[in-house]
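Here's a quick tour of a predicted model. Have the viewer open and follow along.

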Amino acid sequence: MTPDEVLARLDAPLSLRRRVFYLIVGLAGLTGSALIGLLWATEPGLPARTSAAFAVLVVIGLGWAGFGGWAVSRRAPLFARDRVIAAWLGAGAWLVFALGAVLIAVTPVLLGVVLALGAVAAVNLWAARRARAVLRRRRDQLLIER
């Protein structure tokens with residue numbers, strides 16, 4: 001392939017498969033938020049910790065819904081920006097979960113789960129940032145070769 005052909009592929013918006021995936025992510029976040037919100041609204045007298053947990057879950061779900069809508073609506077190439085944003089959302093959700101879990105109860109099993117999920121979130125963020133850097137570096141090289 002010539003540099004122009006590679007650049008044309010790099011400049012393409014998201015594939016149909018990835019768009020459908022992000023549409024599903026957005027709908028799942030919206031559905032989760034709606035169901036938790038309905039449960040929250042129909043259960044009177046919940047403890048404060050439960051209400052706080054529901055509020056956090058609704059916000060996380062709305063965050064994923066917003067991300068899905070943003071990713072599907074992009075017409076320009078993302079150069080893996082979508083992956084980096086998704087990784088940051090995952091890391092943020094892990095952080096909120098970790099803080100809440102530690103405030104509620106500290107047990108060896110819970111600590112192990114929190115650390116394992118944190119490692120997964122960190123590796124996912126590292127991989128997303130690396131993929132974006134590789135794509136941007138390749139794009140810059142092709143623009144120079146042009």
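## The second largest pocket

The second largest pocket holds about 280 Å³ of space. Which residues line it? You'll find R49, A52, A53, V56, L57 and I60, together with V96, F97, G100, A101, L103 and I104.

Two helices, α3 (48–73) and α4 (81–104), each put at least two residues into that lining. By type, the lining residues come out as ten nonpolar, one polar and one charged.

## Helix α3

How far apart are the end C-alpha atoms of α3? The distance is 37 Å, and since 26 residues at 1.5 Å a residue should span 38 Å, the two values agree.

Buried positions in α3 are F54, V58, G61, A65, F67, G68 and A71. Among the elements covering these buried residues are α2 (16–42) and α4.

## The largest nonpolar core

In soluble globular proteins, nonpolar side chains tend to end up buried together. Here, the largest nonpolar core has seven residues: L14, Y22, V25, F67, A71, L78 and A86. The elements contributing two or more residues to this core are α2 and α3.

Take V25 from that core: once you set aside neighbours within four places in sequence, V25 touches W64 and F67.

## Helix α5

Helix α5 runs over residues 108–145. Its 38 residues should span 56 Å at 1.5 Å a residue, and the end C-alpha atoms sit 55 Å apart, so that agrees too.

Which residues of α5 are buried? They are V114, G118, A121, L125, A128, R132, R139 and L142.

Notes
Residues numbered from 1 in each chain as written. Predicted model: local features only at pLDDT ≥ 70, side-chain atom pairs only at ≥ 80, totals over all residues. Heavy atoms only, no water. 1 Å grid on protein atoms, 1.4 Å probe; cavity = no way out; pocket = protein on both sides within 12 Å on 5 of 7 lines; lining within 4 Å. Points joined across faces, edges and corners; volume = space filled by probe spheres on them. Helix = DSSP H or I, 4+ residues; strand = E, 2+ residues; numbered from the N terminus. Nonpolar A, V, L, I, M, F, W, Y, C, P; charged D, E, K, R; others polar. Expected span 1.5 Å × (residues − 1). Buried < 20%, exposed > 50% of the residue type's maximum accessible area, 1.4 Å probe, protein only. Contact = heavy atoms within 4.5 Å. Core = buried A, V, L, I, M, F, W, Y, C linked by side-chain atoms within 4.5 Å.
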